[in-house]
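Here is a short report on one protein model. Have a look at the chain before reading on.

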Amino acid sequence: MANEKIPYKIYLEESEMPKAWYNLRADMKNKPAPLLNPATHQPMKAEELAPVFCEELIKQELDNDTKFFPIPEEIRNFYKMYRPSPLVRAYCLEEKLGTPAKIYYKFEGNNTSGSHKLNSAIAQAYYAKKQGLKGVTTETGAGQWGTALSMACAYFDLDCKVYMVKVSYEQKPFRREVMRTYGASVTPSPSMDTQVGRKILAEHPGTTGSLGCAISEAVEVATSSEGYRYVLGSVLNQVLLHQSVIGLETKAALDKYGIKPDIIIGCAGGGSNLGGLIAPFMGEKLRGEADYRIVAVEPASCPSLTRGKYAYDFCDTGMVCPLAKMYTLGSGFIPAPNHAGGLRYHGMSSTLSQLYDDGLMEATSVPQTAVFEAAEYFARAEGILPAPESSHAIKVAMDEAIKCKETGEEKTIVFGLTGTGYFDMVAYEKFHDGKMDDYIPTDEEIAANFAKLPKVD
Ligand SMILES: *Cc1c(COP(=O)(O)O)cnc(C)c1O
C-alpha cells in the first residue's frame, strides 16, 4: 500500500471501529498517583467515591491493570451516529505552507456538540442510566462538555444539571440554548444556589468563575440530591479511557496505509483528548515497540504543565473533591478570561502528568493571538472553522511543519482537531478587531497559589 496515494480523508468502516477502550495505565510502569481522601490523605476507596460518582465509572477510574474495557453495544450504536471520525490529510494546508511535512488531523468536530467530549459523555450517561439514577450534574467551561452531556442525557432520558463558568455563560448564550434544547438546566457559576458558590462570591465579588469553582457547585448539588451523581468531562482516568477511541481509530487509519507518525500533537486542558489521541502510540512507546515525539500544547495564560508544580492538589476551588497528584497551578488559580474556555483548568490529568514527569512527552505553551492567527490560516486553507482550544494544536503543528520547510525534512505530523468554533465568534470578533489580549500570569501570581497547595507527605 506504500505507494498508493493517501486520500484526503481516511475513513474506517463501521466494522473497523474499536470494540474496546484501551487503558494506557495498564502499560505504565510508573502508575499515576492515586486519588487521596482530602481529610485522611489515604487513597480513596470505591465506597468513598460512591456518593459522588457512578459505580461502573469508579471501577474504571481505579483500575490501573485491565488493558481493554469492552465498549457496551448501546454506546457503540450511539458512536455509529457520528463515528468513525475522519483522519484528514491536510494537503491544502501543506501546500499553503510550502512544507515537505505530511500533516494529518483527526477531526472530532463532526457532531452537533462540536467536540470530542461526546465520546465520554455518552459513556457516562449510559452507566448512570444503567445504575438507575434520575440524573447527573456537571460543570462546563466553554460549554462543549455541557452540550455533549445534555445530548447524551437526552438520548438515555436522564436529567442533566449544568453549572457553566460565568464568563462562558455570558459570552456564549447560544451554547446555553443548545443545552436547553436537549433538556438540560444551565446555571451560571459561581451561583447563589450552593453553599460553595455563595462563599466564592463573597470572597471574590465579580469573579468570572472558573472550572474549579463550577465543579464544586456541581458536586455539592449531586451529593445533596437523591438519585443524582456528578460526572466530569476531562481530567479523570475514566475520561481518558473513553477518549482512547480517538487514538485507536487514528492508529487503525494510519496502519491501513502503513503510515508511522513522527510527531503527535494535541491541545491540553484537562488532558482528555490528548490522553485519548496518544493512548495506543504511547502504549507502543511504553512497551518499547516504537518511538514518537508527543507534544501537549497549553495556553500561556493557563500553563499547568509548563509552569505548574507536580504535587497533590484539590481538583476544585471549594476543596470538596479528592486530592489528585498532577501538574497544577493551584486550585485557587483563576486564569485571565481567555477565549479557549476549554483549556482553563488549573490542573492536568494525573496520567499525563506522570508521563510528562517521566519525560515520555513534551509540553509547550502558546499565547492567544498567535493561536487565532493559526486558526484563521487553517480555516482559509482547510475550510474547517476550528475551536480556539483545537487551534493550540494547529499552531504547534504549523510551527513544526515550517521547521520541516527550513530543514527539508519530510516528517509526518498528526494532530488532534478536537472541535469546531461556531460558538466562539465573540473571540474571533475580538481577534479581527485587534482587541484580543495576551495576558500571561507573572511568577508572583503563580507562586501565590503554590503556597496554598495541601501538605501531603
Ligand atoms: C474541552 C475541550 C478541549 C480540552 O479538553 P481536554 O480534556 O484537555 O481534551 C479541547 N478542545 C475542545 C474542542 C474542547 O471542547
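G135 stands opposite D159 in strand 7. Helix 6 (residues 144-156) packs on the sheet there and touches strand 6 and strand 7. The direction of helix 6 makes about 165° with that of strand 6. Keep in mind that this is a predicted model.

## The four-stranded sheet

Strands of a sheet pair through backbone hydrogen bonds, either parallel or antiparallel. Strand 6 (residues 135-140) and strand 7 (residues 159-165) pair in the parallel sense, over six bridges. They belong to an open sheet of four strands with the order 8-7-6-9 and parallel pairing. Which strands sit at its edges? The edge strands are strand 8 (185-189) and strand 9 (228-230), and each pairs on one side only. Neighbouring strands of this sheet are turned by 20° against each other on average, direction ignored.

Now return to helix 6, where C153 lies. Is C153 buried or exposed? C153 has a relative accessible area of 1%, so C153 is buried. Apart from its neighbours within four places in sequence, C153 is in contact with A125, V136, L158, D159 and C160.

D157 lies in the loop between helix 6 and strand 7. Its phi is positive, about 55°, although D157 is not a glycine. D157 is exposed, because its relative accessible area is 64% and exposed residues have over 50%.

Another open sheet has seven strands in the order 1-4-5-15-10-11-14, and its pairing is mixed. Its edge strands are strand 1 (9-10) and strand 14 (362-366), each of which pairs on one side only. Inside this order, strand 10 (residues 263-267) runs parallel to strand 15, and three bridges join the two. Here I263 stands opposite I413 in strand 15.

## Aromatic rings

A pair of aromatic rings is described by the distance of the centres and the angle of the planes. How many aromatic pairs does a search of the whole structure find? It finds 17 aromatic pairs. Y126 counts as buried at 10% relative accessibility. Y127 also counts as buried, at 6%.

The rings of F378 and F415 have their centres 6.2 Å apart. Their planes stand at 75°, so this pair is edge-to-face. The pair links distant parts of the chain: F378 is in helix 15 (residues 368-382), F415 is in strand 15 (residues 412-417), and they are 37 residues apart. Both F378 and F415 are buried.

Some rings gather in a group. F78, Y79, Y82, Y126, Y127, Y155 and F156 form one aromatic cluster.

The table gives two cases.

| Charged residue | Ring | Distance from ring centre |
|---|---|---|
| K96 | Y377 | 4.8 Å |
| R176 | Y169 | 4.5 Å |

K96 lies over the face of Y377, and R176 lies over the face of Y169.

A disulfide is a covalent bond between the sulfur atoms of two cysteines. A search of the whole structure finds zero disulfides. C213 is in no disulfide, and the nearest cysteine sulfur, that of C321, is 12 Å away. C213 counts as buried at 1% relative accessibility.

C315 counts as buried, at 11% relative accessibility.

## Backbone details

The bond from R83 to P84 is cis, with omega near -5°. P84 lies in the loop between helix 3 (73-82) and strand 4 (87-89). A cis peptide bond also joins S189 and P190, with omega about 5°. P190 lies in the loop between strand 8 and helix 9 (195-203).

H41 has a positive phi, near 65°, and is a residue other than glycine. H41 sits in the loop between strand 2 (20-22) and helix 1 (46-49). At 28% relative accessibility, H41 counts as partly exposed.

Technical notes. Residues numbered from 1 in each chain as written. Predicted model: local features only at pLDDT ≥ 70, side-chain atom pairs only at ≥ 80, totals over all residues. Heavy atoms only, no water. Phe/Tyr/Trp six-rings, centres within 6.5 Å; stacked < 30°, edge-to-face > 60°. Buried < 20%, exposed > 50% of the residue type's maximum accessible area, 1.4 Å probe, protein only. Lys NZ or Arg CZ within 6 Å of the ring centre and 35° of its normal. Disulfide = S-S within 2.5 Å. Pairing = 2+ DSSP bridges. Axes fitted to C-alpha atoms, helices over the stretch in contact; angles between N-to-C directions. Contact = heavy atoms within 4.5 Å.
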